[in-house]
Amino acid sequence: MRLISICPSNTELAAYLGLTSSLVGVDNYSDWPEDIQTLPRLGSDLDIDMDKVEKLQPDLVLASLSVPGMERNIEELKKRNIPYVIVPNPKTLTEVGESILFVGEVTNTSDKANQLFKKYNHFLENYRSLCKQVEKPANLYWEWWAKPIFTPGATNWITEISKLAGGRNIFEDMPQSSVKTHWEEIVQRNPDVICVIWVGVHKEKVNPKVILKRPEVEKMEAIKNNQLYILDEPLFCRPSPRLLLGLSKIASILHPDIYPEFNENNDPLLDEEVEFHI
């Protein structure tokens, strides 16, 4: 099967299902796993070059509507009669797991998908158990855009990750998935930990001085205690099974005495030797 993925999370889902060798093209932002780096690039996820897609003669395009504006891709795929499916846009960690099953079904890899789905849920159950051992959850501020400031709200998987990691998203009282806020509000909420995950920006390019120069930053508990972390945004911002790595990372930072040590080379879904500790 000749597959094309036109957003990073779909590329990652395909990789977990062992389908990287079937991929013949991907969007510009897909950066994992390593063996997709030489594939033809088809443009940004909001500006896919459909002439290139058509020339690659895919049997199936894994499309998405996870970002406003992606509708144009769907319209163009329809117009050109290019076979495609829209991978559901997950809002929760459970729904991310269900995306594995969906892609497994449309790519004839359901057996593999079912195995991964079980491991995925086992991992989450393990962390649900571990988080009950946390006596004092840490108050977390997640920043995923700086100007204007955006942070995840209640209906975002980051809030779920925060809880499973022994923390609490300080904006969990806001019903939106993404909350536009102001620095004064964040100072007032006074987080214990600041997690920076600017969408689309690699951690090496994030300058912490942008935050450290803000007004009254020195009053915050997170800054007083040196709890400002620049994290790998793909492990937190994409609806793929790699969110488990993000969960593992932040949990090990917040409560190293309770959660397993984080190892970026041990993916809980791909490494047969990874053990779960309850």
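Visitor: What volume does the largest pocket have?
Guide: This is a predicted model, in which local features need pLDDT of at least 70 and side-chain atom pairs count only at pLDDT 80 or more, while totals for chains, interfaces and linings use all residues. Residues are numbered from 1 along each chain as its sequence is written, and side-chain values use heavy atoms, with hydrogens and water left out. With a pocket taken as an open set of points on a 1 Å grid over the protein atoms alone, where a 1.4 Å probe fits and protein lies on both sides within 12 Å along at least five of seven lines, and with volume as the space filled by probe spheres set on the points, the largest has about 900 Å³.

Visitor: Which residues of its lining are closest to the centre of the largest pocket?
Guide: The lining (residues with an atom within 4 Å of a point) divides into 16 nonpolar, 10 polar and five charged residues. Of the 31 residues that line the largest pocket, those closest to its centre are Asp45, Val67, Val199, Cys237 and Arg238.

Visitor: In E2, which residue is the bridge partner of Ile4?
Guide: Strand E1 (residues 3-5) pairs with E2 in the parallel sense over three bridges. In E2, the partner of Ile4 is Gly25.

Notes:
Nonpolar A, V, L, I, M, F, W, Y, C, P; charged D, E, K, R; others polar. Pairing = 2+ DSSP bridges. Helix = DSSP H or I, 4+ residues; strand = E, 2+ residues; numbered from the N terminus.
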